[in-house]
Each structure stands twice: as C-alpha cells, then as structure tokens.
Amino acid sequence: GGYTRSTDIVSCPTKYTWGMSFDDGPSPSTPKLLQFLSEKQLKATFFVVGSRTIEYPETLKDEYMSGNEISVHTWSHPPLTKLTNEEIVAELGWTRKAIQDILGVTPTTMRPPYGDIDDRVRAIALAMGLQPIIWTRGPENNQFDTNDWQVPGGLVTGPESYQDFLYILGNATLIDTGFIVLEHDLYPQTVDLAVGYTLNAALSFTPQLTLEPIGTCQGWPEANMYLETTTNATFPYPDSPAASQASTTASARADQATNGAASSGNGSSSSGAAVGVRTVSSVWAVGALALVSGMLFVVL
C-alpha cells in the first residue's frame, strides 16, 4: 500500500544516486549479470531467496566475494502480511541461516516480497536485527518498479518494461533524494533487460547518476551490512534487541579469533562456512578468523 515508517529504507539520501538492487536470485542467469557489473566496475545489493541460495551456493559466493551486498528476501517469497508470526520468523530466520552457512556472515537487512509489509511484519524483522528496504515512489506515488518480473509470463513486453524504467529515470529528476528501483535476476529475460538496456541507460543518463549498492548509498560502512562485523550499536534503534547483539559482536569475534589461534597451536581446527568474512577490500579473511568461522552463531 505504500505506507512506510522511518525505519524503512526507501531511497538514497543523495539526489541522482541510484541504489541498485536485484531480487529473487541467485539463479542460473545471475552470473551473466555479475560479469556485466564487473566489466562496468559496478556493485549492487542482491536480495536473495533462501531456498535458491542452497540451490546455487557458488553463485551466492560469487555475488558476495565480488563486493556486492547480500540481503534477506525470505525463504519462499510469500506475502509476509498473510503469515503468522512464527511463519514470518521462519521465512526470515532460515534464509538468514542459509546465507550464514554459505558465506559466514549474517545480513542485517531484508526486503519483503512484493513490498508487502505492515507494522507487525516490520516489528518482527526489526527485532531480528533486519532493517526493511523497499523501493522508491515517485512524485505521483508511482512505484519505481520496472515490471521486468512480468515479462517472462508475457504480461509485459520487454520494450514496455524498458519504457517503465525510462519513466522512472525521468521521475528521479523530480524528487529531492536518490532512488531505489525494483529489478530481478531470476529470469534470463530480466537479466537481459538489465545488461542490455536499463543499466546502460542509467550509465549514459543526463544528469549523470551515481550507481552503487543500497547500503553504500546510505553511507553505511560495508561492515555494518553483516552482524558478524557491524559496530553500529544503534541499529536500527538504540533500545532494540539487535542493538545489544551488534555492540558485542565485534568483541565476541575478536575473542573467538584469539581462542581459535590458541587452539590451532594444539593441532585443532574447526570447519565452517565456505567463505568467511570479506574485508572492505574483498579479500579473504585472515587465518585466525578462518579457523573459527564454524563457531559463528545465528540468533533466530
């Protein structure tokens, strides 16, 4: 319905900044998009579906290790307002756990499928330490939705979807902030539209746009996108349960690293997530952290 709260991220603060994101993957089409982003030296936020992360774990690793942001997009893509409290926790929690099992990090953001959110869903997500990210609405309350997701089903043509995006760019010049657009990397058609049309249109747009991930456009340190590395004790508000978790996570990981290094002298080690914590420069974590990656915990 377009109703949001101050804790929802719905735009980028700086005008002419596009917080790029892609929903519903990873999929067999995602590598083509990743290759294009790499060639253009671009990064985006990927809102991933839990059931697909365990189907395509290597693609999820490629997204993360190439410097893109990873966020929760539920396990099976249902409208969350129709679910019970327990089902909402499961949709978000199991997706978060799957990501942590594969990457070694736990996202601190989420996007509700269809933008379907109310205060009950919002409260559950925030209590779990997941800040909602939706997409922008224009000056006439029009959604910044490319409708690319309707192309594979034949409800919208490729040219119509592209025209929707050009209309969005025009509307972006009329608002005082930057913007967030709904696009997808689930289908070959949606990826073809992105790499063949929408991204190039944005890169050549006048006035010039800044294209970057949503967390980056918010001015957040990259480390704050994940529970294991965030030092933001006020996220998303000071008295939330997640705030106390965040304030102790960095020190807890440091203790784990120390203990892990000590135990390695006795010939012991622990197996864990395949990737571990990515540093700001997107390199592998130091050896001490890698040794204890299996000790990371997830608070569901």
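Okay, housekeeping before the structure. Because the model is predicted, local features need pLDDT of at least 70 and side-chain atom pairs count only at pLDDT 80 or more, while totals for chains, interfaces and linings use all residues. Residues are numbered from 1 along each chain as its sequence is written, and side-chain values use heavy atoms, with hydrogens and water left out.

Let's start with the helices. Helices here are DSSP runs of H or I with at least four residues, strands are runs of E with at least two, and both are numbered from the N terminus. Axes are lines fitted to C-alpha atoms, for helices over the stretch in contact, and angles run from 0 to 180 degrees between N-to-C directions.

Look at α3, residues 57–65. How do the axes of α1 and α3 cross? They come within 10 Å, at roughly 15 degrees, with α1 covering residues 30–39. That makes α1 and α3 roughly parallel, the label for angles under 35 degrees; over 145 is roughly antiparallel, 65 to 115 roughly perpendicular, and the rest oblique. The crossing of α1 and α3 is left-handed, meaning that the near helix is turned anticlockwise from the far one by less than a right angle. On the α1 side the contact (heavy atoms within 4.5 Å) uses T30, P31 and L34, and on the α3 side T59, D62 and E63. By class, that contact has two nonpolar, two polar and two charged residues. For the classes, Ala, Val, Leu, Ile, Met, Phe, Trp, Tyr, Cys and Pro count as nonpolar, Asp, Glu, Lys and Arg as charged, and the others, Gly among them, as polar.

Now α3 against α4. Their axes also come within 10 Å, but cross at roughly 75 degrees, so α3 and α4 are roughly perpendicular. Here P57, L60, K61 and Y64 of α3 meet I99, I102 and L103 of α4. The class count for this contact is six nonpolar, no polar and one charged.

Which residues of α3 are buried? T59, L60, K61, E63 and Y64 are, where buried is under 20% relative accessible area, exposed is over 50%, and partly exposed is in between, using a 1.4 Å probe and protein chains only. The cover over those buried residues includes α1, β2 (45–48), α2 (50–53), β3 (69–72) and α4 (85–103). Just after α3, G67 has a positive phi of about 95 degrees.

Right, on to charges. Side chains of opposite charge can pair when their charged atoms come close. There are seven salt bridges in the structure, each one a side-chain nitrogen of Lys or Arg within 4 Å of a carboxyl oxygen of Asp or Glu.

One of them pairs R5 with D119, at 2.6 Å from N to O. R5 sits in the segment before β1 (17–23) and D119 in α5 (residues 119–127), so this bridge ties together parts that are 114 residues apart in sequence. R5 is partly exposed at 48%, and D119 is partly exposed at 39%.

D119 also bridges to R122, again with 2.6 Å between the closest N and O atoms. Those two are three residues apart in α5, about one helical turn, and R122 is buried at 5%. Through shared partners, salt bridges join R5, D8, D119 and R122 into one network.

Then there's R111 with D23, where the closest N and O atoms are 2.8 Å apart. That pair is 88 residues apart, with R111 in the loop between β4 (109–110) and α5, and D23 in strand β1. Are its two ends buried or exposed? R111 is buried at 0%, and D23 is buried at 1%.

Last topic, the backbone. Most residues other than glycine have a negative phi, and most peptide bonds are trans. So which spots go the other way? G25 and P26 are joined by a cis peptide bond, omega about 0 degrees, and P26 lies in the loop between β1 and α1. D24, in the loop between β1 and α1, has a positive phi near 85 degrees and is buried at 9%.

Another cis bond joins T206 and P207, omega about 5 degrees; P207 is in the loop between α7 (188–203) and β7 (210–213). And N141 has a positive phi near 65 degrees, in the loop between β5 (131–132) and α6 (158–172), and is partly exposed at 48%.
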